[in-house]
Amino acid sequence: QVQLMESGGGSVQAGGSLRLSCAASGYTRSYSGYYMGWFRQAPGKEREGVAGINTVNWTQYADSVKGRFTIFRDNAKNTLYLQMNSLKPEDTAMYYCAADDDIIWRALLQGGSYRYWGQGTQVTVSS
């Protein structure tokens, strides 16, 4: 059983930046062999895939965050990151990281592709 724990959320004014972290443990293979993703869900809205990264550091982003967010991983530290710049009020949501060891490239931003999920970290962006 893979365990994921998010951190780094908080409150920030529009235009500010935050960096989210996701620490992984309990895996039975190398962390570098897992596909990883960031998802978010705002009250009253459906879960949205924000960014994903495969086992060789290819990335995908939702159109709403392209040019502002960057996903990257440090395999030596078993940690996934999401650097969020130029934050907007519409970025306000609970952010979750997710992992799986077998995902089709075209489904990297689909939540149903992932077996393992963290409990989330709240991001609030004010005007």
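Student: Which residues is Y95 in contact with, leaving aside its neighbours within four places in sequence?
Tutor: Once those neighbours are set aside, Y95 is in contact (heavy atoms within 4.5 Å) with E6, L20, F39, R40, V50, F69, L82, M84, G120, T121 and V123. This is a predicted model, in which local features need pLDDT of at least 70 and side-chain atom pairs count only at pLDDT 80 or more, while totals for chains, interfaces and linings use all residues. Residues are numbered from 1 along each chain as its sequence is written, and side-chain values use heavy atoms, with hydrogens and water left out.

Student: How many residues does the largest nonpolar core have, and which have the most contacts inside it?
Tutor: The largest nonpolar core has 30 residues, and those with the most contacts inside it are L4, M36, W38, L80, L82, M84 and Y95. A nonpolar core here is a set of buried Ala, Val, Leu, Ile, Met, Phe, Trp, Tyr and Cys residues joined through side-chain atoms within 4.5 Å, where buried means under 20% relative accessible area, exposed over 50%, and partly exposed in between, with a 1.4 Å probe and protein chains only.

Student: Which elements give two or more residues to this core?
Tutor: They are β3 (18-25), β4 (35-41), β5 (48-53), β7 (69-74), β8 (79-84), β9 (93-100) and β11 (121-126); strands are DSSP runs of E, at least two residues long, and helices are runs of H or I, at least four, numbered from the N terminus. Another core, of 6 residues, lies apart from the largest one, and among its members are F39, A98, I103 and Y114.

Student: Switching to D91, where is it found, and is it buried or exposed?
Tutor: D91 is found in the loop between β8 and β9, and it is buried, with a relative accessible area of 1%. Leaving aside neighbours within four places in sequence, D91 is in contact with R40, R68, F69, S86, V123 and V125.

Student: And how many salt bridges does a search of the whole structure find?
Tutor: The search finds 6, a salt bridge being a side-chain nitrogen of Lys or Arg within 4 Å of a carboxyl oxygen of Asp or Glu. One of them joins R40 and E48, with the closest N and O atoms 2.9 Å apart; R40 counts as buried at 7% relative accessibility, whereas E48 counts as partly exposed at 28%. D63 and K66 also meet through their side chains, at 3.1 Å from N to O, and D63 is exposed, with a relative accessible area of 65%.

Student: What about D101 and R115?
Tutor: Their side chains meet in a salt bridge at 2.5 Å, N to O. Both D101 and R115 lie in the loop between β9 and β10 (116-117), so the pair ties together parts that are 14 residues apart in sequence.

Student: Which residues do salt bridges that share partners join into one network?
Tutor: The network consists of R40, E48, R68 and D91.

Student: Zooming out, how many helices and strands does the protein chain have?
Tutor: The protein chain has 0 helices and 11 strands. Its radius of gyration is 14 Å, close to the 14 Å that the globule rule gives for 127 residues, so it is as compact as a globular protein of that length; the radius is taken over C-alpha atoms, and the rule is 2.2 Å times the number of residues to the power 0.38. Buried residues make up 46% of the 127 residues in the protein chain.
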